[in-house]
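This report describes selected strand pairings and disulfides of the structure shown below.

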Amino acid sequence: LPLLLEATLLRLARGSHHPFYNGFYYNHIMNDKGSGQEKVVYFNGARLVVETPKDPVYSSNGANVTLPCRYYYEPDMESKHKIRIKWSKLRDDYTKEQDVLVAIGKTYVAFGDFHGRAHLHQASRREASLVISDVRLQDDGKYRCEVIDGLEDESNVVDLQLQGIVFPYQPPRGQYQLNFHEAERACQEQGAILATFNQLFQSWSEGLDWCNAGWLADGTVQYPIRLPRKPCGGLHLAPGIRSYGPRHRHLHRFDAFCFSSALRGEVFYLDQPAGMTLEEAKQSCQDVGAEIARVGQLYSAWRFLGLDRCDAGWLADGSIRYPITKPRANCGPAEPGVRNFGFPSKGRFGVFCYKER
């Protein structure tokens with residue numbers, strides 16, 4: 001990029017813009033009666049409109065996705081300026097979280113984790129759509145498409161939702177052992193990230209019921225209850241998400257709610273007649289060109305690939321689990337789910353392996 005243009009793009013990313021109402025130029029004048037009330041007089045100009053879809057855009061881990069955005073003028077006109085486009089990722093309260101991309105014409109700069117993965121799709125006139133390739137778990141969220149024409153500045157929001165699954169997680173040392181930062185690392189080590197409230201709510205609406213409180217990505221501690229009961233907030237509370245609110249991220253300790261999306265590979269089961277120790281299980285996966293599966297990968301294979309295996313197997317964190325999509329005798333409870341035998345210090349079992357496609 002020419003240095004001047006690159007500097008302009010960087011200033012656009014860092015700067016704050018104060019838009020005029022709907023893109024009109026205006027001023028305030030006293031009304032004819034001098035009563036102190038104001039009326040707005042609009043000068044010559046066209047209204048800049050930015051359109052994005054009202055419904056969420058859905059994607060999954062590893063996919064490519066387009067976030068649609070287009071702009072136009074009312075009445076129709078041609079701009080006298082070079083159009084500048086800025087995409088930002090937002091927090092749930094719509095405040096800015098990070099810069100994604102800024103562009104002038106067909107020249108653009110992508111930032112941070114989006115460098116090399118984000119570009120504009122401008123197949124038609126006045127299109128400002130954002131393309132994100134190799135979608136990652138942390139890409140889930142709201143994005144603002146901002147169009148700047150001289151002093152006119154308008155924007156709208158696109159909601160990108162990853163199709164995934166939320167699962168509760170406890171470390172080997174037991175319940176309520178994780179501060180917020182440890183919970184973040186625990187989810188990442190299992191091929192997942194801390195879930196957002198919206199992701200937890202979606203999983204609750206699909207049937208998730210869990211009585212242990214866990215960290216979410218915003219630093220709050222919550223848990224989903226479908227069947228009210230005495231140890232889980234009381235019998236007389238309605239079903240819903242129970243919340244402890246924000247907690248101290250270093251001092252307070254809880255479990256974690258992790259979020260995992262679809263897989264780029266497959267999870268499969270290996271066994272030996274005498275079973276395997278954890279170290280033998282890891283080696284067995286490596287011998288077939290795979291790695292021992294993580295908890296998030298097992299949940300994703302169960303949810304999205306229908307993995308059903310009534311045999312307990314090692315996972316990377318040292319736990320023993322197995323996935324059931326078709327409940328049957330001798331395979332645990334009557335509901336589908338991933339069964340958990342905890343973290344045995346001894347024993348010989350099969351193993352779940354993961355291999356990229």
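## Hairpin and strand β23

Strands β22 and β23 form a hairpin with five residues between them, and Gly318 in the turn has a positive phi of about 90 degrees. The model is predicted: local features need pLDDT of at least 70 and side-chain atom pairs count only at pLDDT 80 or more, while totals for chains, interfaces and linings use all residues. Residues are numbered from 1 along each chain as its sequence is written, and side-chain values use heavy atoms, leaving out hydrogens and water. Strands (E, at least two residues) and helices (H or I, at least four) are DSSP runs numbered from the N terminus; two strands pair if DSSP finds at least two bridges between them.

β22 (residues 313-314) pairs with β23 in the antiparallel sense over two bridges, and Gly313 has Arg321 as its bridge partner. β23 also pairs with β24 (residues 337-340), antiparallel over four bridges; there Tyr322 stands opposite Arg339. In β23 (residues 320-324), five of five residues are buried (under 20% relative accessible area; exposed is over 50%, partly exposed in between; 1.4 Å probe, protein chains only). Ile320, Tyr322 and Ile324 point one way, Arg321 and Pro323 the other.

## Disulfides

With a disulfide taken as two cysteine sulfur atoms within 2.5 Å, the count comes to five. Cys187 and Cys258 are joined at an S to S distance of 2.1 Å; the torsion about their S-S bond is about -80 degrees, so this disulfide is left-handed.

The sulfur atoms of Cys285 and Cys353 lie 2.0 Å apart, and both residues are buried. Cys285 lies in helix α4 (residues 278-287) and Cys353 in strand β25 (residues 350-356), so the pair ties together parts 68 residues apart in sequence.
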